[in-house]
Amino acid sequence: LTTVPLFIFMGQIIFNADIGRDLYYAAYRWLGHRRGGLVLATVPACALFGAITGVPTPAAVTMGKVALPEMKKYNYDTSLATASVAAGGVLGVLIPPSVIFIIYGMATEQSVGKLFIAGILPGILLMLLYTGVIYLVTSRKPHLGPAGPKASWQERFVALRGGLGEVLVIFTISMGGLFAGYFTPTEAGAVGAAGVLGVALLKRSLSWEGFMNSLKDATRTTAMIMLLIAGAMIFGRLMAISRVPFELAQWAGSLPLPPFAVMGVILLIYLILGCFIDALAMILLTIPIFYPI
């Protein structure tokens, strides 16, 4: 569980050091001149942000502060703009390092490294599907996302080197070391946090106030997650004693339904619960019930 505050601290440093802003503008220079380009830039920027933080909230907050004013300036449709930030921010749940994968691995005694690897392809696929939908919508209704000014090739490569390069280096070192077996998940989190802090100091983009705010916000978020985990562990033990999950598993297994239909029912339940409960709390509360099934 030491991994959790480390990855959260990474996200807060990136937020306060404006590394996320550089990331967005790099994507904006390459895609902003296309129809719906600002929205198209937001989703990959959120995905890359999630690839080095593991927490969806900082990505949504950062891109909301950076991307929404730009979209408003170019008369983008408000619903399309906000939906792109909200949907893109969630990609951090799937793309490693994901704090929710860490919690899930702990609760189900699964390998966190294998869970990280399993999240890469679905995360990239979801990002591509989002961008595909945005492209189709803005092609049919150009007024929803007017094209912005076209950047020169020099501006594009400068932005690419400044925004994307740092993210890729940090991700490659921390996650590459984890997948190659050089780091444990905790060590990968420590290396990533140190890397982000080092980049912020070299760029002189992190003030003392920003550093202290990063520590405070990371502590606050970690405390919230740990309390959720504590409650979920008690709930899980209660479920195990009551044998409700095992009875449900036997009932589901005896239904004349193929496995994909059972999975469909579970997804429908998550869809409904997601309207009322935070993702982390929802997963922690439902693992004791659905995991045996």
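A contact means heavy atoms within 4.5 Å. Keep that in mind for the exercises below.

This is a predicted model, where local features need pLDDT of at least 70 and side-chain atom pairs count only at pLDDT 80 or more, while totals for chains, interfaces and linings use all residues. Residues are numbered from 1 along each chain as its sequence is written, and side-chain values use heavy atoms, with hydrogens and water left out.

**Exercise 1. The whole chain**

Task: Describe the make-up of the protein chain, then say what its radius of gyration agrees with.

Solution: 
- Step 1. Start with the elements: the protein chain has 13 helices and zero strands. Helices (H or I, at least four residues) and strands (E, at least two) are DSSP runs, numbered from the N terminus.
- Step 2. Look at contacts with a separation of 6 or more: 79% of them join residues 24 or more positions apart.
- Step 3. Now the extent: the C-alpha trace spans about 65 × 45 × 35 Å along its principal axes.
- Step 4. The radius of gyration is taken over C-alpha atoms, and the globule rule is 2.2 Å times the number of residues to the power 0.38. For 293 residues, a compact globule would have a value near 19 Å; the protein chain has 20 Å, which agrees.
- Step 5. Finally, 42% of the 293 residues are buried. Buried means under 20% relative accessible area, exposed over 50%, and partly exposed in between (1.4 Å probe, protein chains only).

**Exercise 2. Helix 1 and helix 9**

Task: How do helix 1 and helix 9 pack?

Solution: 
- Step 1. Helix 1 (residues 3-16) and helix 9 (residues 185-203) make an angle of about 20°, and their axes are 8 Å apart. Axes are lines fitted to C-alpha atoms, for helices over the stretch in contact, and angles run from 0 to 180 degrees between N-to-C directions.
- Step 2. This angle makes helix 1 roughly parallel to helix 9. Angles under 35 degrees count as roughly parallel, over 145 as roughly antiparallel, 65 to 115 as roughly perpendicular and the rest as oblique.
- Step 3. Among the residues that meet are Leu-6 and Phe-7 in helix 1, and Ala-193 and Val-196 in helix 9.
- Step 4. By class, the contact of helix 1 with helix 9 has 13 nonpolar, four polar and no charged residues. Ala, Val, Leu, Ile, Met, Phe, Trp, Tyr, Cys and Pro count as nonpolar, Asp, Glu, Lys and Arg as charged, and the others, Gly among them, as polar.

**Exercise 3. Helix 6 and helix 10**

Task: Which residues make the contact of helix 6 with helix 10?

Solution: 
- Step 1. The axes of helix 6 (residues 99-108) and helix 10 come within 12 Å and cross at roughly 25°, and the two helices are therefore roughly parallel to each other.
- Step 2. Helix 6 brings Val-99, Ile-103 and Met-106, and helix 10 brings Ile-225, Ile-229 and Met-233.
- Step 3. Sorted by class, this contact of helix 6 with helix 10 has six nonpolar, no polar and no charged residues.
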